[in-house]
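Biologist: Could you walk me through the pocket and the charged contacts here?

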Amino acid sequence: MAKGKNGKLRRKDGVWAPLKSSEIDRHRALAVPKTPQTLSPSYRLAYADDDFLCREELRPIRLQLELLKVEMMLTERGIKSTVVMFGGARIPAPGQSAWAARNDIQRANLEAASVYYDEARKFARLCSKYSAGSDFHEYVIVTGGGPGVMEAGNRGAADEGAPSIGLNIVLPHEQAPNAYVTPELSFNFHYFAIRKMHFMVRAKAIAVFPGGFGTLDEFFECLTLIQTGRMEKMPLILFGEKFWRSIVNFDALAEFGTIAPDDVKLISFVDTADAAWKIIQEFYEHQE
């Protein structure tokens with residue numbers, strides 16, 4: 001890269017940049033003498049002032065920042081498409097106790113549901129094995145970044161040496177990223193809406209495992225986007241047909257008339273990772 005008389009390089013994208021960078025000025029501002037004036041909040045650089053950025057009036061800017069940060073980092077990484085995995089944080093790995101159980105019935109149900117942890121992990125392995133053919137630019141696993149099914153998804157990708165994305169969100173209780181999320185692809189959100197958007201913008205398939213309110217919320221939002229034509233049709237796969245049909249009577253909705261009979265066909269039910277991957281293969285082999 002060419003150098004100017006001051007010895008500074010061009011920007012990393014090759015653009016000539018004669019103005020001082022905001023990063024340099026941020027450090028310079030921290031080095032000024034401590035006086036009543038410089039210690040006043042009014043003197044802080046606006047973009048380096050956390051208190052200012054958290055003001056109510058700046059919510060539109062914070063929304064934009066959450067959208068931009070993740071988009072820019074995924075673009076820089078070359079990630080072109082993803083496979084989204086939703087599912088319960090409370091489902092333990094096989095052999096582990098159900099930490100979230102509040103009674104014996106819940107404990108028995110959750111520990112029996114550990115079969116879905118295994119299937120989620122295997123499904124992520126299958127997706128990641130295929131992703132390797134694109135140097136991990138396509139079919140990259142993305143989860144909510146937490147425990148349970150989310151951990152299984154990131155873990156399955158790690159089994160194949162593949163990167164995977166974790167989209168965490170700040171909650172009243174502790175919600176740290178699971179250990180299998182690729183550190184450079186581990187993100188944290190304040191706004192649910194922006195987090196949901198990042199789940200969808202690169203999605204080629206959506207796999208939903210048994211879960212609670214959060215899982216239901218994500219599933220129905222995806223289903224509604226596809227049903228209304230706001231998002232392209234894609235494999236929307238529910239793991240555990242018995243579970244899903246016991247909590248949502250899809251056929252009753254169609255019979256009542258609040259959805260069209262064909263809307264039920266937007267959903268595929270499976271019990272195994274192999275069956276889910278076959279659905280994705282068959283869906284895209286006619287389009288790619």
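Here are some questions and answers on those two topics.

Modeller: A word on conventions: this is a predicted model, where local features need pLDDT of at least 70, side-chain atom pairs count only at pLDDT 80 or more, and totals for chains, interfaces and linings use all residues. Residues are numbered from 1 along each chain as its sequence is written, and side-chain values use heavy atoms, with hydrogens and water left out.

Biologist: Which element gives the largest share of the lining of the largest pocket?

Modeller: A pocket is an open set of points on a 1 Å grid over the protein atoms alone, where a 1.4 Å probe fits, with protein on both sides within 12 Å along at least five of seven lines; lining residues have an atom within 4 Å of a point. The largest pocket has 39 of them. The largest share, 5 residues, comes from H8.

Biologist: How many residues apart in sequence are the parts tied together by Asp 159 and Arg 125?

Modeller: Their side chains meet in a salt bridge at 3.6 Å, N to O (a side-chain nitrogen of Lys or Arg within 4 Å of a carboxyl oxygen of Asp or Glu). Asp 159 lies in helix H6 and Arg 125 in helix H5, so the pair ties together parts separated by 34 residues.

Terms used
Helices (H or I, at least four residues) and strands (E, at least two) are DSSP runs, numbered from the N terminus.
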